[in-house]
Amino acid sequence: MLSLTIFLPVVGLLLCWALPAKHARAINVVTNVAVLVLVLMVWGGMQGMETLQHVEKADWIPAVGIQWHIAVDGLSLSLLLLTAFVSLTAAIASWGIEKNPRGYHMLFLLLLTGMLGVFVAMDLFLFYVFWEIMLLPMYFLIGMWGGPRRQYASIKFFLYTLAGSVLLLAGLILVRMGANTWSIPEIVAMAKSGQSILPEGVNPSLVFVAMFIGFAVKVPTFPFHTWLPDAHVEAPTPISMILAGVLLKMGGYGLMRIAYPFFPEAAAGWSTAIAIISVIAIVYGAFVALAQTDFKKMIAYSSVSHMGFVTLGLAAGTAEAINGAMYMMLAHGTISAMLFMIVGVIYDRAHHRDIDRFGGLAWAMPKYFLLASFAFFASLGLPGLSGFIAEMTTFIGTFKSDSQRWAAWASLAGIVMTAAYYLITLQKVYLGKTPAVYQDKSHYPDLSKREAAVLVPLALVTLWMGIWPATAMNLYAYFTTNLESLLKAATVGLGS
Amino acid sequence: MLGLALTILGAPLVGFVIQFFLGRRLPGQGAWLTVATIFASFVSAVVIMASQLGGADPFHISWAWFDPSGGGGTPWTVGIHIDGLTAVMLVVVTLVAFLVHLFSTSYMKGDPKYYLFFAWLQMFSVSMLVLVLADNLLHLFMGWELVGLCSYKLIGFWSEKPAPGNAARKAFITTRIGDLGMVVAIAAIYMTAGSFEFSKIFEAARSGALADPWITIAGFGLFFAAMGKSAQAPLHVWLPDAMEGPTPVSALIHAATMVAAGVYLIGRFMPILTPDVLTVVATVGAVTAVMAGFIALAQDDIKKVLAYSTVSQLGYMFLGLGVGAWHAGLFHLTTHAFFKALMFLGSGSVIHACHHEQDMRKMGGLLKKMPITGWTFLAGVLAIAGLPFITAGFFSKDAILAGAWHRLPFLYWMALFGAVLTAFYMMRLFAMTFLGKPRDQHVHDHAHESPASMTIPLLILGALAICAGWGAWHGILLNPEIVADAMGVTATGFKTVGDLEFEHSGLVAAMAITAGVLGLLGGLYVFRFMGGAALDRLKRPFAGLEKVFHRKFGFDELYREIAMRPAYGLAKGFRVVDEKGVDGAVNVIGRFARDTLAALSGRTDRRVVDGAVHLVGWVPRVLGAGMNALQSGRVRFYLSVSAGVLALALVLGRIL
């Protein structure tokens, strides 16, 4: 079933290729619906969240021990759900793509396969293959369907990620050399039992750093974040949604699934350094967001700021902090997808994104304003919506950590700045007097049904995750608990 | 009890949802629905109040919400806690909210977003009730933040104009700065007490688990949050601007929701406030009370005067709490809620009658034209001035002064001076608006008494402004058991004010009475009977001071210089750093890596170099048809690197 889920998009891709181009978008949406249904069925078929289930294991390249090894546990499932859901909304948002739709939707589906694969691969090599598979369609989607500076942005995205990938791969190979297996669960078990998973003489601390940078580029953590604003600004709206909603989460997932459990001591040893760059990301990201005049760039920097909480939670290492970090991944996934859609909606009408040139849209497009302010307040952490749970839990958890409490204090400035940049943008874009041009319904219609179909489901999930966090948190709580005890033991080990 | 509590929350919540999504299509745009739902809440609150007065035990229930503690702690909960304090707050909030709803049905008539106004009024009430009913700090914080959202929406209700939009944003951001204190307090309390629940927090304080320094930090954090929400200096700057909202909103913000939240928070958390914290609470309160009184003296906008009087009165409440006169501070909260709601709605009635004229210099002589508004307003003025024995304000203010007298005499004298000021500037307001000769005939000609839906709330509140000091509220807040419960565990040695039996000592009461009467008579004389020329002569020596007061001590200008400008400057600076510094470094590294790589592999592919040219930020050429070729070139490069690395991996894997 899991394999079917992953490869269903490939089937869709082939259909896109075989059938007339005008059907491509429908095939994309239908495939995404089917994938979401399959993921829900995977969920339904799971017995508890703790163990790896739906395991599929077969030799792939036996000569070097590489296996087709995929499975899900609660952690993977939560991200599969996020991926399938955000991808579906992005597919709907892609309906209006006119330039070479066949190619676009084929690449979109290939991207989906890559993303799903990353979250279920339990073989390191397989993980890396999916990780790379996903890069190519992303590169083309930005580079061919993007804005005026798409080439610069796509190349930059590409080289950045490539550099990260090389570091990651170097780390993975060293682990393979030491542990003599590609199997993630086996390596985790070895690390837990104290066995070395590296060749003799290799410093685990450095390997951890290499892997951390590899993943941090994706998160993106300061100072590896500068590809993100460019990529976002140039990417077409649905691709921005995927980029922020799913792609960034692969970095956090990699840290949680691989880097941290493989090297808990090194992770604990580097925790202060990680906390420092996280706090910089949170506060500095918020300040830079405040200074933006491009709506989309503002949202992009808000992503940098919010994703800082993910690495901060990991650095703090308490149960609450890690749970909050993971919750931030899910919450940010849906909220940022909404935010990018909101930028896309107005860009489609105004053909520019300059915050200072808008104003008064609230009264011209009331439904759009409602959903936009919903997303803004969700992102700035309004209770009742998912962002609040994520931020509060991470903050409280970080505060609880004796060694990283300072980081909680330092991140406070980000909370105020976040409110500032969102409310200033809200005011500049939506409030104030409505110029006559926006009253022209033919150029500035309120949300279309299709746009609403993208935004409303995302809003409902955001609301549900804010009201009843247990639904999502219970999926992965066991994993974060284990990770916490692992890190705690490692910290104790460091001290002695 | 649970049913009642859920009715209190549920009725207006349902009202909000219906009104928000369907309100536009309801007959009469649904205002009646929201009046009915909030009335249902009020009735339930009265029933709860009655049972608390009848000696019912406090009620507590909580539900597991989610558990991020990894099994190492208890799940986070939401819940409901009802005791005497809750009951008082519930009645005050629902009653004032109900009257404001009723008043608004006429006041907002004709507004294009009429239905939406009532939706947000409902949500404002719900948020405040969530806050009041919460059994734990995190849950309370959610109500607290939702109150912030609703105030943002309502202050900025007319944000097609720039001023309300600015005011709304200022309110949200200023209170959010205060909220940082709350966030820290929540974290510090959770870390030490392991729970957010009030009873467990107090238990932890008693057992010593919640001890210094965290108990002090938590206390300061909570007070910092209260300073934001309850507009205490120096975080008071948002409240006067919030006057940009429709007047009923001002009434609600100033009386029952929002600003009351901070006072309630400190009242609720008395048991963990250390003497240091309490001294700061009292001092900030007293300073704010006097400072805002001065500012109110020099304002000409009727709502601005009321706004600063609120800031000042809130200062009294904190003074009361800070000197340990727990009941007095909260008692003043309730009486103030009534007389301030009264005066705001009264000013709304005046503004409504004068076609949205708010400048008192254009009013005068309105008492005859608007007798109900005028006389009820007078009740409010007398109450806030603390006219002895008959007004509610006297009892509560006297109790605060008595507390200060016992504990911090210096603050007592400040507060006493503030009381003179209060009476003086309120009488100024009354005289300028309602007495004397009309100063603007045009405005005067327009003026007329407001319809019943507006005067009935005024009459009810007028009655309460007079009588609320006599009745049940006083009783429940002075209930020794409740006070003992709250005070019993107050950190060391701070049960000073007797056994909290405030003897209304003759001397203190006499001075308070004198202060109030002096201020009222002085105000009446100066602003009613003294001529314009004499008044000008009187004011001349104080011209400099008046300017300072009129400019509100320059807080707004100060913040613009020391906070907003630097923040923007920093933001712009960081942006440059990000684009030129961080990204620049990346580009340099990228170029270096590309050169090295190219040299190593001996590749001379111009296309790669081309790509790198883009990398350093040259505007890329539009390559049209050539693009595909170009990209395939880059992909070849990518694939070759990737394949190389993979091959290396395989080889290495093989070897091992």
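**Figure 1. Helices H8(B) and H11(B) side by side in chain B.** Let's start with helix H8 (residues 214-229) and helix H11 (residues 259-268) of chain B, whose axes come within 7 Å and cross at roughly 160°. Keep in mind, here and in every view below, that this is a predicted model. Angles over 145 degrees count as roughly antiparallel, and H8(B) and H11(B) are therefore roughly antiparallel to each other. Their crossing is left-handed. On the H8(B) side you'll find Leu222(B), Phe223(B), Ala225(B), Ala226(B), Met227(B) and Lys229(B), and these meet Val259(B), Ala261(B), Gly262(B), Leu265(B) and Ile266(B) of H11(B). Sort the residues of this contact by class and you get nine nonpolar, one polar and one charged.

**Figure 2. Helices H11(A) and H15(A) in chain A.** Now hop over to chain A, where helix H11 (residues 237-262) packs against H15(A) at an angle of about 160°, with the axes 8 Å apart. That makes H11(A) roughly antiparallel to H15(A). The crossing here is right-handed. From H11(A), the contact uses Thr237(A), Ser240(A), Met241(A), Ala244(A), Gly245(A), Val246(A), Lys249(A) and Gly252(A). H15(A) answers with Met329(A), Gly333(A), Thr334(A), Ser336(A), Ala337(A), Phe340(A), Met341(A) and Gly344(A). By class, the contact has seven nonpolar, eight polar and one charged residues.

**Figure 3. H15(A) again, this time with H17(A).** H15(A) also packs with helix H17 (residues 366-379) of chain A, at an angle of about 145° and with the axes 9 Å apart. H15(A) passes H17(A) in a left-handed crossing. Look for Ile335(A), Met338(A), Leu339(A), Ile342(A) and Val345(A) in H15(A), which meet Tyr368(A), Leu371(A), Ala372(A), Ala375(A), Ala378(A) and Ser379(A) in H17(A). This contact has 10 nonpolar residues, one polar residue and no charged ones.

**Figure 4. Inside the largest nonpolar core.** Which residues touch the most other members of this core? Of its 439 residues, the answer is Val96(B), Ile186(B) and Ala341(B). Now zoom in on Ile186(B). Leaving aside its neighbours within four places in sequence, Ile186(B) is in contact with Leu137(B), Leu138(B), Phe141(B) and Phe196(B), plus Ile396(A) from chain A.

**Figure 5. Where chain B touches chain A.** This contact takes 55 residues from chain B and 60 residues from chain A. Several elements of chain B give two or more residues to its side, including strand E1 (59-66), helix H5 (137-155) and helix H26 (555-601). Which element of chain B gives the largest share of its side? That's H6(B), with 14 residues. The residues on the chain B side divide into 31 nonpolar, 13 polar and 11 charged.

**Figure 6. A close look at Ala87(B).** You'll spot Ala87(B) in helix H3 (residues 84-107) of chain B. Is Ala87(B) buried or exposed? Ala87(B) has 27 C-beta neighbours inside 10 Å, so it counts as buried; the cut-off is 20 or more. Also in this view is Ala50(B), which sits 37 residues from Ala87(B) along the chain, with 8.7 Å between the two C-alpha atoms.

Conventions. Residues are numbered from 1 along each chain as its sequence is written. Chains are lettered from A and ligands numbered from 1 in the order in which they are written. This is a predicted model: local features need pLDDT of at least 70, side-chain atom pairs count only at pLDDT 80 or more; totals for chains, interfaces and linings use all residues. A nonpolar core is a set of buried Ala, Val, Leu, Ile, Met, Phe, Trp, Tyr and Cys residues joined through C-beta atoms within 7 Å. A residue is buried if 20 or more other C-beta atoms lie within 10 Å of its own, exposed if 12 or fewer, and partly exposed in between; C-beta atoms are placed from the backbone. Two residues are in contact if their C-beta atoms, placed from the backbone, lie within 7 Å. Helices (H or I, at least four residues) and strands (E, at least two) are DSSP runs, numbered from the N terminus. Ala, Val, Leu, Ile, Met, Phe, Trp, Tyr, Cys and Pro count as nonpolar, Asp, Glu, Lys and Arg as charged, and the others, Gly among them, as polar. Axes are lines fitted to C-alpha atoms, for helices over the stretch in contact, and angles run from 0 to 180 degrees between N-to-C directions. Angles under 35 degrees count as roughly parallel, over 145 as roughly antiparallel, 65 to 115 as roughly perpendicular and the rest as oblique. A crossing is left-handed if the near helix is turned anticlockwise from the far one by less than a right angle, and right-handed if clockwise.
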